[in-house]
Number of protein chains: 2
Amino acid sequence: MPVLPITIKNLIFLFCFQTRNDIKTRMELLIMRIQGEVCHALEKADGDTKFKVERWFRKEGGGGVTCVMQDGTVFEKAGVNVSVVQGNLPAAAAQQMRARRALKVDEGGELAFFAAGVSSVIHPKNPNVPTMHFNYRYFAVVDSDGKETWWFGGGIDLTPMKELVEEDVVHFHKTLKQACDKHDPKYYPDFKKWCDKYFFITHRGESRGVGGIFFDDLDQRNQDDLFKFVTSCAEAVMPSYLPIVEKHKERGYSYSDRQWQLLRRGRYVEFNLVYDRGTKFGLYTPGARIESILMSLPLYAKWEYDHHPAPGSKQEELLSVLKNPRDWV
Amino acid sequence: MPVLPITIKNLIFLFCFQTRNDIKTRMELLIMRIQGEVCHALEKADGDTKFKVERWFRKEGGGGVTCVMQDGTVFEKAGVNVSVVQGNLPAAAAQQMRARRALKVDEGGELAFFAAGVSSVIHPKNPNVPTMHFNYRYFAVVDSDGKETWWFGGGIDLTPMKELVEEDVVHFHKTLKQACDKHDPKYYPDFKKWCDKYFFITHRGESRGVGGIFFDDLDQRNQDDLFKFVTSCAEAVMPSYLPIVEKHKERGYSYSDRQWQLLRRGRYVEFNLVYDRGTKFGLYTPGARIESILMSLPLYAKWEYDHHPAPGSKQEELLSVLKNPRDWV
């Protein structure tokens, strides 16, 4: 049952009256605010199309709000999902939760958990406009001894679907660097590298795109500082991406540009279904809302056997950057 | 470098002169014969388009022949791949090799292996013609004590992309049953059930298609009997499928039939990238030829957010069969 986007704002007011100052509530309010802001900004950029908004509940605990725009004027498929879920997690899902430091879970065992996050993938129609993904999340788990472990994770990355426009990539990375630098000068360089490593399609030997930032298991400072850092990152999403949308959304493109975009989307699907831990976490979580997880997949994708871009083409140049990640700022 | 299909036949003659009577050579000759026969039959059914044939070598040992027809008159994408590879396998790949009885491999350890198989996915253009997949393979591994273990695996399954045509599915299953019954009356019922279980998209709660047969770890009889059984199965591929192609390939279809076919293909991609052990085995095998593994993916696929077929529609009927596998013979 679709509800109007305005509901989100009303809900935030509702939450504000009840709010406790704990991190779970603060995170929930942050991701709902970001979802509302992103959806409104994208609707404005599209001009014609509204998000379909659905509230959903998970019978095992929690729920979320999924906003999807499909077949718009500017956006072919854009999804912005918020989920706040809790309950018990089977070992297979728990293993997808953390990047570097694995959680101890007995085989066949379960883990009490809380997860609150916003995630989004924006697939524009025009191949001149890159695809963008972001995700910011807070996790807490209780181990068998009753001890709670918490951490933040997240990131944002850009995937050109036609050619490399260097100044766009520089703008994107610079905006992220500014957001990071306010909190720690090491964050941007560390998380930029992590991003290149994470969004790598091993079987293709190429990155999904031109990177951005990615971090996980973030718990090395006090919760308040880290929450502020994540807030800065989430607030930098639209400033890093929207100017690129506006710059290119009316540019013309050819049939072969569209076909190449569809092939690049095929690679996007490969990454998401084969490697992405967020997707796997969703697929392995009992009672997860599959449509909210797989909204990240493009409306159309293509797989051509043994495709190689023409030597010296813009496409070949893009591929060479995907195979050899660069520093942008 | 493309070579003519006739090369395959020449190669078979070449192999015949050198042949030893061992199972590896017999399997290699079988899969090359089947590849040649299937490609010729499909070219005839297409009428206009020829397979592109490529021989490839794997620097770690072995190689194969990949035949792909793309954007034909009848077939949108059809791939028939033969590979005969050997070498050492990392633990991750070894774990994808067997279905029920896992192989003992130390973490980080490797396993000497030999694998010979033919695999194929046929995606027709016309939504009235179902997609078909088959794969027959022989594996041998040598454990750390120097003991060789061998087994056969394989299967074939049908995926309607428009609606359920019951008599087609019955024909398909009957042909497979006849091939199985010549060897053991228990094979068809057992392997039909296994097929329904294997080609199940857990996160969607639906099967990939209307099944067929699937088996793995087959070593409970002498090699000669099992080789003959696999031969019967491989020879039944075209008789089970071609009549369905011929019956429907000239039928008309609508724009919405095509869109529904693309959505079903999206599910096909989900199965292959998330669950298929053959695909994972390929992705985890060092030096594997990715294009030969991912030729199974359709030329085009689509993901629409939260799509539901209209109540009482042919599409809804098909979905209900995918959610509740039936007995067909």
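1. Please keep in mind throughout that this is a predicted model. With that said, a polar contact of 2.8 Å joins the side chain of T66(A) to that of W56(A), and the side chain of T66(A) makes a further polar contact, at 2.7 Å, with the side chain of S292(A).

2. T66(A) belongs to strand 2 of chain A, which covers residues 62-70. Because its relative accessibility is 0%, T66(A) counts as buried, the cut-off for that class being under 20%.

3. Leaving aside residues up to four places away in sequence, the residues that T66(A) touches include Q35(A), K52(A), E54(A), V80(A), N81(A), R289(A) and M295(A), and among them there is also Y305(B), from chain B.

4. Helix 2 of chain A, residues 23-46, has 24 residues and reaches 34 Å from its first C-alpha to its last, which is close to the 34 Å expected at 1.5 Å a residue. This helix is mostly covered, with 18 of its 24 residues buried, and it is followed by G47(A), whose phi is positive, near 90°.

5. Chain A is superposed on chain B by a rotation of 180° with 0.0 Å of shift along the axis, at an RMSD of 0.0 Å, and that is the relation of a two-fold axis. Of the residues of chain A, A301(A) comes closest to this rotation axis, its C-alpha lying at 2.7 Å.

6. As for how the copies meet, 100% of the interface residues of chain A are also interface residues in chain B, so the two meet through the same surface.

How values were computed. Residues numbered from 1 in each chain as written. Chains lettered and ligands numbered in written order. Predicted model: local features only at pLDDT ≥ 70, side-chain atom pairs only at ≥ 80, totals over all residues. Heavy atoms only, no water. Helix = DSSP H or I, 4+ residues; strand = E, 2+ residues; numbered from the N terminus. Buried < 20%, exposed > 50% of the residue type's maximum accessible area, 1.4 Å probe, protein only. Polar contact = N/O pair within 3.5 Å; in protein donor to acceptor, adjacent residues only side chain to side chain. Contact = heavy atoms within 4.5 Å. Least-squares fit on C-alpha atoms with pLDDT ≥ 70 in both. Expected span 1.5 Å × (residues − 1).
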